[in-house]
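Here's a quick tour of one protein model, written for someone new to reading structures. Have a look at it first, then go through the points below.

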Amino acid sequence: MTASFEELRLEGVSRSFSGNAALADLDLTIRRGEFIALLGPSGCGKSTALNCLAGLLPLTGGRIWCDDTRLDTLPPEKRGFGMVFQNYALFPHLSVWRNIAFGLQMRRLPRAEIRKRVDDAVHLVRLKEHVAKLPGQLSGGQQQRVAIARAVVLEPSLVLMDEPLSNLDAKLRLEMRTEIRRLHQTLGLTTVYVTHDQEEALSLADRLVVLRDGKVQQIGPPEEVHTRPVNKYVADFMGYRNLVLMQASTVEGGRVTVTGHGLTLVGTPVGDIEPGDAVVVGVRPEDLRIGDVVEDGPAAVVEVVEYQGREVAVEARTASGIELHLRTDRRPAPGDRIGIAVDPRRLLVFPAGPDS
Amino acid sequence: MSRVSLRHRLAERGIDRNLLLLLPAAVFVLTLFIYPFFYGVGLSFQPKRGGPLGAYREFFTDAYLRDTVWTTLRLSLPAALLNVLASVPIALRMRGRFRGRRLVTTILVVPITLGTVLTAQGLLNFLGPTGWFNRILMSVRIVDTPVSLTHNYWGVFLSLVITGFPFAFLLVLSYLSGIDPTLERAAATLGAGRWQRFRRITLPLLAPGLATTFCLTFVLAFSVFPSAVLVGDPSGTTRVISIAAYDAAYVKYDYALASAVAVVMGVVELVVIATVLGGRSLLYTGSTSGGKG
C-alpha cells in the first residue's frame, strides 16, 4: 500500500498491443496534490496510460516509481489508487452505501470507522437520501457521484479518472466539472484525469499532457498549452480551427511573413522556420476579426452564419477557396464581402513537416 | 369513437392482428404437448383396479417402484451440481480471448453432438475392465484388480457428467460474459484480491444464472434412460424412474401405472426446480453492468 507520496515518476512508460505501440515513452512526474489532465483524441493512448498507472494493463516498457518504491510490478489491488471508470462500474447488486464501503471493507477497517467514513463521503457528494438504493435506481449524475465517492473514500494517494463526464448531458457535465474541481480543492487529492474535451481539461487541470498516437506532444499549464501550442497537432486540438498550408517568405525579429492562396499575413513563428519553408498557419476563430475591405488586403465572402448566443460563428471563403472560421459580435449576412484582420501575436506559424 | 379507442387501447397492450401470427405455434404446442400431457394425467387416474388413485398407491407401496425416485435423484442431483460447479472455473478461464479458444470450446462441446449412446459405448471401451483406463492403472501398478467403473452407479454418473457438462458450460459461459468486466477491475482498484473479486462481485452476479443452469442440467439428468441401461445396472443400483415407466408401459402394458410414473417424475422435477428457483428469487437478479455504457 502506498500511503502518500511526494512524487510519482513515470519513466519511459510504454505499452504496445501485438506490436502496435499504443503508448510510447511517456515521461511524467506528478507532484503531490497536482491535477493532471491527459488530453488527446480517441486512440491517442490516454486511457492506456491511465490503465497502466492503475495496474490494469501491464507495461511493455518503462517503470513507474512512487518516490523510491517501484510500482509497476504491483497488481492493482496493492497500489492503493482510486479509479473512476467511464461507465462508472458500480457494483449493480450492492446498495450505494455498500458500493462506497467496499474498498474500506477490503482493507478490513473497524466497522465504526467504515460507517463514519462512508457517511462523510456520502455527505460530500450529497447523496444522503439515496444510500439504500441500488445503482440501477439512480440517474447518471448520481451514479457518477457514487463512483467518485467510492474512489475518494479510501483517501487514495492518487485518483484516476477515465473520461468520467463523457456519459452525461451538457448541463450535468458542467455541474459535475465544478463538483470535481471543488472536491479536488477540498481534499487535495492528487488526480490524473483522462479526457478528449479540451475545455474540460483546461478548466480542471493544473497541468495538461497532450497525447497523439501514443506520443506526448506537449506538457504544460493550461494557459501555455492554450496560447502557445508547440505544433500544429496540439494547435488543431486546442481549438485553432483555421489551419492553412502556406509558405514563409521573410523571417525577422520574431515575426514571419507568410504568403499563399493570394494572401499575405504576418505571424509569430513556432519552431525553426526559414524563408521558403512550407508552413501551417494557425489561428483561432475568435482571433480573426472582421475589418474593412482594403485594396490587396485579405478578404472573404460570408457563406454560413450561426447564431450562438453572445456571438455568431461565421464561415467565410476567400477568393482562392480557403474556408475560414471566425467568431464575431457583429452580424454579417451570407453573401457579404468582409475584410479579415488578425493580430500577428495570435497568428501562429508552424513548420509543415510531417512531425515536429 | 368508442370502437376506435377500444382498438387503440387493445393495441397498446399488444393485442392486435399481429397476434394471429402466434396461432400456428399455439396449435402445434396444444396438439403435440398440452393435449397428450392432460391425456396422460387423465390416464393415470384410470387404472384397471384400485379406484382413481390405484396407480399412485401401487407406485408408492411397491418399493421396487418407489425407490426409483431416490435412485434417480441420487444420480441426477450430484451430477447436475458437479456439472455446474465444474463449469464455473473453466468458464472463468475461458472468458477472455486467447489463442486456441475456439478449439478448446469445440472439444468441450463435442459430447453434445455425440449423443448418449456413442458416449456410453466410449465409456464401456475406455473404463471397462479391460479398457485403457484400467490397463494403464494396472500397468503402473496403482491397482491389482480392475476398478469397476461400468455397469454400476459410477458409469451412469460419468455419462451424465460427460453429456451434461457441455450444456452447463455453454450456459455458464454466456452468463459470465454478460457480466461487465470493468466491475472486477473496479473491485481490484479498491483493493480486492482475486478471490475476493470472485466471491464479492462475480459470484453474486453469476448466482442466478448458476441456479438456472442447475435446473436445466438437472432436468436433463433426471430423465436419464439410455446410459442407465447401457453403462449402468438397470435392474439394481441404476434402476432410474424412466426405466420404471418404460417397464410399466411396454413390459406390463399397464398404461395407467406408466402415466402415474410419468406424473410422479414431473412432480419431483417441479419440486426440485421450485426449491432452486425459490432460492434464486432471494438473490440479486437485476442488471449485470456497472452503469451507463
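Let's start with a pair of strands: strand 11 (residues 242-252) and strand 12 (residues 255-260), both in chain A, pair in the antiparallel sense over five bridges. Two strands count as paired if DSSP finds at least two bridges between them. Keep in mind that this is a predicted model, where local features need pLDDT of at least 70 and side-chain atom pairs count only at pLDDT 80 or more, while totals for chains, interfaces and linings use all residues. Residues are numbered from 1 along each chain as its sequence is written, chains are lettered from A and ligands numbered from 1 in the order in which they are written, and side-chain values use heavy atoms, with hydrogens and water left out.

**The barrel in chain A**
- In this pairing, Glu252(A) sits opposite Arg255(A) of strand 12.
- Five strands of chain A close into a barrel, in the order 11-12-13-20-14, with mixed pairing.
- On average, neighbouring strands of this sheet are turned by 55 degrees against each other, direction ignored.

**An annotated stretch of chain A**
- An unreviewed UniProt entry annotates residues 8-238 of chain A as "domain: ABC transporter".

**Thr68 in chain B**
- Thr68(B) belongs to helix 4 (residues 63-93) of chain B.
- Not counting residues up to four places away in sequence, Thr68(B) touches Phe59(B), Arg239(B), Val240(B), Ile241(B) and Ala244(B) (heavy atoms within 4.5 Å).

Note on methods:
Helix = DSSP H or I, 4+ residues; strand = E, 2+ residues; numbered from the N terminus. Axes fitted to C-alpha atoms, helices over the stretch in contact; angles between N-to-C directions. UniProt positions renumbered as here; feature names shortened; annotations may be inferred.
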